[in-house]
Amino acid sequence: MRQSGIKRVKWLRTLLNRYYGGKANDRERRIVEEWIPTAGEEESGLDRQVAEERCDEIWRRLENRCLGEDLNRRRKRRSIRVVYYAAAVAAAASLLLMIGIPGKVADPEASRSLGIGFEDADTRKEYIVATDSIRKLTLPDGSRICLNEGTRLAYQPERFNLRSREVWLEEGEAFFEVCPDPSRAFTVYHGSMRTIVRGTSFNIRSYKSLGEEVVAVRSGRVEVRTDTLLVGSLKRGEAILWNRATGHLTHAGCSDADLMAWMEHRLVLRHASVAELGLRIKQLYNKDLVVEDNALPEMRLSVAFPPRCPLENVVSVLAELYGVSCRVEGDLLIFSRHRA
């Protein structure tokens, strides 16, 4: 690589690190925001390590793309210099958009999780989907994941286990048993959060229909973060519940039995919403929940059943506990008020 090319790479790398680290001056901010129209909307004060890692990734690809071209055409030095500089600026802008440095993203509904949005062939995600049954898989590092039905998880085979271990829980619920590796953190992106571990077992629930993120730990310790904040550091028997709409955060305890319930086909509800009851009824019994006459108004439900409990037993207990009428009609489980 020519010396002038090295200097440009260093200058642009430093500029990006200063901008996304919240240290850029007015002139530097204008330069970056001219390249990337949406950059001015991004939040400053980001995690320094994350910003540097993203910038390293941008420049690794930039160097491969721009500096790997034929720079030995000595007879065209001047034109190469112009083409290289223009390509570097364009590639930096496009790569920033594709990589998605933490902060706000262009399409929050399609890619709210940190880092989602890679489109290059060498970083394309492989999706694992559990449709109508529980699914188990083993990642290249030996970590094991159990996916509840209706769950969508992704990772990048070409990148996984190189410098870091990253997966995206885009919808649903999963239990992770992570192989210890002090040198490479294991990160799960879910909703607008990320859960970071070195080697432990834990459960994450991230259903869009429930409007909350729930992280519960069975062993070891996990760290839960948003874009800019440390939400909590959890150890065995601890959980956090984060409401997406209100931003309200609740710390709670959790037992191994409750945490493992869905993997054992057990219906367990702890201060659960009616929406969660409907989700579990659909997963375990393939019935759609219907509530008539406002029979369960803003109610929170707490009840537990043994593994593979017959639906008729569940219906009977729920009716008795909550003073409602329950009946099964085809594919529907219907709750209604008692008739006089």
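Helices here are DSSP runs of H or I with at least four residues, and strands are runs of E with at least two, numbered from the N terminus.

**Figure 1. The whole chain, as a predicted model.** By that count, the protein chain comes to seven helices and 18 strands. Of its 340 residues, 48% are buried. Now take the contacts in the chain with a separation of 6 or more: 53% of them are between residues 24 or more positions apart.

**Figure 2. E6 and its partners, E5 and E7.** Strand E5 (residues 165–177) runs parallel to E6, and five bridges join the two. In one of the pairings, Glu166 has Thr187 in E6 as its bridge partner. With strand E7 (residues 193–197), E6 pairs in the antiparallel sense, again over five bridges. Here Phe186 stands opposite Val197 in E7. E6 and E7 form a hairpin with two residues between them, and Gly191 in the turn has a positive phi of about 55°.

**Figure 3. A cavity lined by six named residues: Gln156, Arg159, Phe160, Ser164, Glu166 and Trp168.** How many cavities of 30 Å³ or more does a search of the whole structure find? It finds one. The volume of this largest cavity is about 50 Å³. Its lining divides into two nonpolar, two polar and two charged residues. Glu166, one of the lining residues, is also the one bridged to Thr187 in E6.

**Figure 4. An open sheet of three strands, in the order E15-E18-E17.** The pairing in this sheet is mixed. Why is one side of strand E15 (288–291) and of strand E17 (325–329) left without a neighbour in the sheet? Both stand at the edges and each has a single partner strand, so there is nothing beside them on that side within the sheet. On average, neighbouring strands are turned by 20° against each other, direction ignored. E17 and strand E18 (residues 332–336) run antiparallel and are joined by five bridges, with Ser325 standing opposite Ser336 in E18.

**Figure 5. Helices H6 and H7 on that sheet.** Helix H6 (residues 274–285) lies across E15 and E18 and runs at about 145° to E15. Helix H7 (residues 311–322) packs on the sheet too, touching E17 and E18, and its direction makes about 155° with that of E17.

**Figure 6. The largest pocket, about 970 Å³ in volume.** Its lining has 43 residues, and Arg205, Val268, Arg270, Glu276 and Arg280 lie nearest the centre. Which element gives the largest share of the lining? That is H6, with six residues. Other elements that each supply at least two include strand E8 (201–206), strand E9 (212–219) and helix H5 (256–259). The lining divides into 17 nonpolar, 13 polar and 13 charged residues.

**Figure 7. Ala257, a residue of helix H5.** Is Ala257 buried or partly exposed? Its relative accessibility is 43%, so it counts as partly exposed. Ala257 and Arg218 are 39 residues apart along the chain, and their C-alpha atoms are separated by 9.8 Å.

Methods. Residues are numbered from 1 along each chain as its sequence is written. This is a predicted model: local features need pLDDT of at least 70, side-chain atom pairs count only at pLDDT 80 or more; totals for chains, interfaces and linings use all residues. Side-chain values use heavy atoms; hydrogens and water are left out. On a 1 Å grid over the protein atoms alone, a cavity is a set of points where a 1.4 Å probe fits but cannot get out, and a pocket is an open set with protein on both sides within 12 Å along at least five of seven lines; lining residues have an atom within 4 Å of a point. Grid points are joined across faces, edges and corners, and a volume is the space filled by probe spheres set on the points. Ala, Val, Leu, Ile, Met, Phe, Trp, Tyr, Cys and Pro count as nonpolar, Asp, Glu, Lys and Arg as charged, and the others, Gly among them, as polar. Two strands pair if DSSP finds at least two bridges between them. Axes are lines fitted to C-alpha atoms, for helices over the stretch in contact, and angles run from 0 to 180 degrees between N-to-C directions. Contact means heavy atoms within 4.5 Å. Buried means under 20% relative accessible area, exposed over 50%, partly exposed in between (1.4 Å probe, protein chains only).
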